Amino acid sequence: MHLESRTRSCVVVHCHTIDLSDGNIRLEACPSAGQHVKELQVDTASFHTAARTSLQILRMYQIVPGAPVEQPLTEGSHGSPFKKKRSSESRPLVTSGILGCVLVLAAVIAWCYYSMSLRKAQLLKNESLDLRKDGFVIRDQGGTVIFTMTFRSDSLDLDSCSKEGNILSCTRSYSGKLNFFIQSVRSKDTVMCYRVRWEELQNNHSIEHAMAYNGSHWYGGAETAEQHWPIKIHGEQDPQPFVTSDVYSNRKAFGGILERYWLSSNATAIKINDSVPFHLGWSEKGRTLRFEARYQNSPFRPAAGQRAFPELSYRVCVGANVASIHKYMVRRYFPKPIKVPSSKVFAKPVWSTWALYKTAVSQEKLLRYASDITTHGFNCSHLELDDRYTSDYGEFDFDPQKFPNASDMFEKLRKNKFEVTLWTHPFINYDSINFGVAVEKGLFVREPSGELPALVRWWNGVGGILDFTNPEAREWFSSHLSTLKDRYQVASFKFDAGETSYLPRHFSTLTPLSDPSTFTRHYAEMALPFSDRAELRVGYQTQNVSCFYRIIDRDSVWGYELGLKSIIPTVLTVSILGYQFVLPDMIGGNAYPNRTAEGKDALPDKELYIRWLELSAFLPVMQFSIPPWAYDKEVVEIARKFTELHETLVTPRVIELADEVLKTGDPIVRPLWWIANDDEAAYKIDSQFLIGDDLMVAPVLEPGKQERDIYLPAGQWRSYKGEHFDKTPVYLTDYPVDLDEIAYFTWVPSVDT
């Protein structure tokens, strides 16, 4: 029996020939397909079994050789009843024979499809990545899925996919043409990266991919109002523009410090490309982060001359552990600071006028504040004169009513060894004398037509916002700051605002902005000439601007929403994003009305203030505004103790680590998993942290508590009380910590180290 030519052709196309001509079954491979024969041999026996069974069925109904053969009837002859019976009985045999052929044919076709599926599966693999029509997965060396990305907006037409070298590419989705590829790049022995790009070529609809948690813990992204470590997602959020915003005024937005970078405890990391019109959402039910690229209903704009077809591209990297993959990503994708800012600011507290005086500050109050600092025996890196020392917003000299003799004031402060920084911002209110000047010179961000300045509302009124993409605007702003600095020998400036949320909804700039957060980058770069003591509250691709980065204003409360508990998660997050010179805002919070856990005289709660002070002492910079003497002698003594401890214990470590930041980009303030890479407990702890690798801090962050649970990772540790712990890892339950204490532990090298 021979297969018909059509069937035989099918088999040959898939590099196998089936020969049944001599009553035996042979599966022969095409000479050119030797590579695939080895892959397919594993199931050849199964095919042989199926085919033999079909052949046996045929043989059951064959006529036995040598049996009488029926003769044809001739004219005048009469067929016997026996011959007629044989003729009628042969019909089922023919039917059975056809059925047998069909069974053999079915087995051959099944083999064809099986062969095709194996080859397609091999085609759609790239290193440890498996591509499917609706997404891809990445596996570790043991075969466990550690990363999953689902294509939510469309599916690939896998018949359009091909593989060449280390690049998997597809040309069609179910809705049209596209440019899709995944390229594997082995960057080093322990790191494998995958470049992924989905670019629409026919449609301007959005592209959405959803990244699953896969049972791991994720970190990074952005400063937020309710900050957690690791990231916690609540509810269902459609993707929204991933741009810098003032999260104090809009608590559902992303913060002023953000990067398109996330890191997981599965030793995977993802970096979204700068060219993507990027929107971020999430699903608590699906346990996913939703990445979307779109131009419709979005502040993102295609580059000049580019069609409004979105592109979603990113790089996924897999490493040996969470710390090593983060080190790789930072060295690869983040710029490093160009220098270490003032060591004096690390060592001695900053004293700000804001929380204490708000906008009612004056020359008299500032001088009295400085005198009180000295009288109560505190050191000072510099005084920070905050809002409002000018007559109107957008001016660059002192209000003569509030500061009748500014030059004399600065002279007195210098005589008493006080340096001063001044608050500044990018706005010029419409009632300022500089508003008309800026309009005439074309210095403002404009309406979309480009003809009129765009008015914006901010927390101190209505005005224009300077266009920092305009070199003339940058020069005008910088020259005014330099003049002010030289006239009064000002040490530096506190640069406030700078988020894209203060841009008009529709606007134009001299240099078009595809990504609105580029405005934040231009504004942050204004601090470079004053960077030794400059303070910023925004950062986007500006890790090289060597300033102090202040986290957004804190409320005087205990919780995770801009309260005391949010400080460690926020500092860890911005540190992972590459901003290491962190200023954790004012001790005790800002004492805003209706946002304060009040004690006496409308001050923040005394216990809250003390616990905040103790935590700040173990962070890179301390900043006071509400002074300790506003409470009582006990608070003053505790404050003296911890400002001294900060200068003697913490600062030397911080400055040493700051020097390392210039070379490595590694954080100064580190999570526990930095030294405990495979420790599930360390991945989840948000109330402890490390300064470097050898100083671990565990502050009390709950009201009414003088004890707390503390986790000690593997290693030998010595407590601040002199206790030694070598049976680790271990939880210390209800470890006692008095009101005037903070628990901290130093790592003790083993004898073999």
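Helices here are DSSP runs of H or I with at least four residues, strands are DSSP runs of E with at least two, and both are numbered from the N terminus. This is a predicted model, in which local features need pLDDT of at least 70 and side-chain atom pairs count only at pLDDT 80 or more, while totals for chains, interfaces and linings use all residues. Residues are numbered from 1 along each chain as its sequence is written, and side-chain values use heavy atoms, with hydrogens and water left out.

**View 1. Helix H13 and the glycine that follows.** Let's start with helix H13, which runs over residues 567-576. Is H13 mostly covered or mostly open? Mostly covered: 10 of its 10 residues are buried (buried means under 20% relative accessible area, exposed over 50%, and partly exposed in between, using a 1.4 Å probe and protein chains only). Among them are Ile-567, Pro-569, Leu-572, Ser-575 and Ile-576. After H13 comes Gly-578, and the phi of this glycine is positive, near 100°.

**View 2. The whole chain, for orientation.** Step back for a moment: the chain has 16 helices and 37 strands. Of its 753 residues, 55% count as buried. Now take contacts (heavy atoms within 4.5 Å) between residues at least 6 apart in sequence: 67% of them join residues at least 24 apart.

**View 3. An open sheet of eight strands.** Here the strands line up in the order S28-S27-S26-S25-S21-S20-S19-S29, with parallel pairing (two strands pair if DSSP finds at least two bridges between them). Which strands sit at the edges? They are S28 (582-583) and S29 (623-624), and each pairs on one side only. Zoom in on S20 and S21 and you find parallel pairing over three bridges. As for Glu-384, its bridge partner in S21 is Thr-421.

View 4. Rolling a probe the size of a water molecule over the atoms shows where empty space is left. On a 1 Å grid over the protein atoms alone, a cavity is a set of points where a 1.4 Å probe fits but cannot get out, and its lining residues have an atom within 4 Å of a point. Grid points are joined across faces, edges and corners, and a volume is the space filled by probe spheres set on the points. How many cavities of 30 Å³ or more does this rule give? The count comes to five. The largest cavity holds about 90 Å³ of space. Its lining includes Tyr-389, Glu-395, Trp-423, His-425 and Phe-477. Strand S21 (420-424) and helix H11 (471-488) each supply at least two residues of this lining. Sorted by class, the lining of the largest cavity has six nonpolar, four polar and one charged residues (Ala, Val, Leu, Ile, Met, Phe, Trp, Tyr, Cys and Pro count as nonpolar, Asp, Glu, Lys and Arg as charged, and the others, Gly among them, as polar).

**View 5. The second largest cavity.** This one has a volume of about 70 Å³. It is lined by 13 residues, and those that lie nearest its centre are Val-350, His-382, Arg-533, Glu-535 and Leu-583. Two strands, S20 (382-385) and S25 (492-495), each supply at least two residues of the lining of the second largest cavity. By class, that lining divides into seven nonpolar, two polar and four charged residues.

**View 6. The disulfide of Cys-161 and Cys-170.** Two disulfides turn up in a search of the whole structure (a disulfide is a pair of cysteine sulfur atoms within 2.5 Å). One of them joins Cys-161 to Cys-170, with 2.0 Å from S to S. This link is right-handed, with 100° about the S-S bond. Cys-161 counts as buried because its relative accessibility is 7%, and Cys-170 counts as buried too, at 2%.

**View 7. The disulfide of Cys-193 and Cys-317.** In this pair the sulfur atoms are 2.0 Å apart. Distant parts of the chain are linked here: Cys-193 is in strand S10 (residues 191-200) and Cys-317 is in strand S18 (residues 311-318), 124 residues apart. The torsion about the S-S bond of Cys-193 and Cys-317 is about 110°, so this disulfide is right-handed. Why does Cys-193 count as buried? Because its relative accessibility is 0%. Cys-317 is buried, with a relative accessible area of 0%. Counting bonded cysteines along the chain, the disulfides follow the pattern 1-2, 3-4.

Definitions and conventions. 1 Å grid on protein atoms, 1.4 Å probe; cavity = no way out; pocket = protein on both sides within 12 Å on 5 of 7 lines; lining within 4 Å.
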